Amino acid sequence: MDAINAEIFTLTYGSMVRQLIADLEDVNEVNKQLDTMGYNIGIRLIDEFLAKSKTGKCIDFRDTADKIAKVGFKMFLNTSAAVANWNADSTECSLILEDNPLTDFVELPENYAGLSYCNVLCGVIRGALEMVNINVSCNFVKDVLRGDDVSELRLKLLSQMHETYPYKDDD
Amino acid sequence: MFSSPLYRLNIVDRPLAKGKGEVSLSAFSFLFSELVQYCQTRVSNIGELERRLEDIGVGVGLRLLEILCFREKNSKRDIRLLDVLKFVHTSLWKYLFGRQAKDLEQSNTAEDEYMISDYDLFVNKYISVPKDMGALNCAAFVAGIVKGVLDGAGFRARVTAHFVPMKGQPKPKTTILMKFDSAVLAREHRLPSL
């Protein structure tokens with residue numbers, strides 16, 4: 001796959017977030033906008049992921065989380081995440097970001113403590129999984145920019161639809 | 001509260017990463033396309049859209065100048081016009097696109113205008129401009145980066161991106177036109193000639 005200098009990506013993202021803050025003037029609105037943009041990216045990104053990653057169908061949600069962490073992050077952000085903190089019935093887990101290229105060069109000022117800087121990632125995961133009939137909720141529970149030791153994304157399975165054959169849409 | 005040893009340090013005390021990292025071009029393109037679409041919701045015409053992209057690029061350029069000067073120039077910054085132009089044409093371009101720009105020219109008609117042209121800028125790779133927006137060039141973002149670098153170095157300029165159709169080439173080339181402030185040229189003339 002074609003690659004690009006990670007710093008340009010990082011700085012472009014940073015510049016975009018600054019523009020959003022200037023436009024929307026409210027961190028909650030910015031968080032929402034970032035999530036929406038991520039969602040739009042996710043619903044397109046899944047196509048490329050499926051076409052190029054050569055991974056098959058996920059067996060269960062554990063498998064899904066593993067693929068996001070090990071294949072998805074590797075493919076697009078050239079980093080990987082650890083999957084941890086599963087709940088008892090395997091519907092919730094955390095993605096621990098070891099090295100998040102989006103947060104390079106970033107320092108969150110105190111008055112923007114409510115900003116979920118990398119919220120775009122939540123949107124991407126949500127959008128991408130929705131396209132393969134898995135509904136999840138996704139949000140940051142820990143963020144290095146807010147002083148936590150790691151960035152932790154909490155992934156929660158809401159519902160999973162099974163495609164039944166024959167597909168109704170194709171009629 | 002700040003438990004990680006790295007993040008406990010103030011950001012300026014942390015070591016500056018080497019910058020060898022790469023991410024996939026798709027990741028950038030997805031982000032950039034969202035950025036263009038977002039900007040589009042807040043403007044009423046193409047000129048404004050390009051200006052917004054340029055503004056976002058300026059923020060990138062200002063920071064790139066710092067990084068590149070620190071890494072490649074031993075924290076020294078160029079003070080002569082020609083040196084700065086060469087810096088943009090060579091160092092900046094290599095950093096952004098992995099190669100130096102095709103041409104660096106001075107305009108025949110105006111002393112204060114310089115042009116850098118190149119084909120296939122990555123911002124335009126996955127972008128097809130609809131017919132009714134024919135004049136739009138998303139390289140305005142790159143123009144913004146160049147403007148950020150020039151402004152940061154103390155060479156104020158108006159920077160714009162244009163498509164220039166080329167004979168015998170299927171794709172137009174993109175020209176980044178830099179028009180420098182009169183103050184910049186006046187200063188250049190006062191300095192002893194190179």
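Author: Start with Cys138(A). Its relative accessible area is 11%, so Cys138(A) is buried, since buried means under 20%. Keep in mind that this model is predicted.

Now look for a partner. The closest cysteine sulfur to that of Cys138(A) sits in Cys122(A). The gap is 4.1 Å. A disulfide is a covalent bond between the sulfur atoms of two cysteines. Here the cut-off matters: the two sulfur atoms must lie within 2.5 Å. The sulfur atoms of Cys138(A) and Cys122(A) are therefore too far apart for a bond.

Turn to chain B. Cys138(B) is not in a disulfide either. For Cys138(B), the nearest cysteine sulfur belongs to Cys39(B), 9.5 Å away. Cys138(B) is buried too, with a relative accessibility of 1%. Count over all chains, and the total is 0 disulfides.

Read from the N terminus, their order is β-α-α-α-β-β-α-β-β. How compact is chain A? Its radius of gyration is 17 Å. The globule rule gives 16 Å for 171 residues. The two values are close, so chain A is as compact as a globular protein of that length. Along the principal axes, its C-alpha trace spans about 50 × 35 × 30 Å.

Now the inside of chain A. Of its 171 residues, 50% count as buried. Cys138(A) is one of the buried residues. Then take the contacts in chain A with a separation of 6 or more. Of these, 55% join residues 24 or more positions apart.

Chain A has an accessible surface of about 8300 Å². Carbon and sulfur atoms account for 49% of that surface. Then the charges. Chain A carries 16 positive and 28 negative side chains. The centres of these two sets lie 5 Å apart.

Finish with a contrast in chain B. Is Glu66(B) buried or exposed? Glu66(B) is exposed, at 57% relative accessible area, whereas Cys138(B) is buried at 1%. Find Glu66(B) in helix α3 of chain B, which covers residues 46-72. From there, look across to Ile116(B). Glu66(B) and Ile116(B) are 50 residues apart along the chain. Their C-alpha atoms are separated by 21 Å.

Notes
Residues are numbered from 1 along each chain as its sequence is written. Chains are lettered from A and ligands numbered from 1 in the order in which they are written. This is a predicted model: local features need pLDDT of at least 70, side-chain atom pairs count only at pLDDT 80 or more; totals for chains, interfaces and linings use all residues. Side-chain values use heavy atoms; hydrogens and water are left out. Buried means under 20% relative accessible area, exposed over 50%, partly exposed in between (1.4 Å probe, protein chains only). Helices (H or I, at least four residues) and strands (E, at least two) are DSSP runs, numbered from the N terminus. The radius of gyration is taken over C-alpha atoms; the globule rule is 2.2 Å times the number of residues to the power 0.38. Contact means heavy atoms within 4.5 Å. Accessible areas come from the Shrake-Rupley method with a 1.4 Å probe; for residues, only the protein chains shown count as cover. Lys and Arg count as positive and Asp and Glu as negative; His and the chain ends are not counted. The place of a charge is taken as NZ of Lys, CZ of Arg, CG of Asp or CD of Glu.
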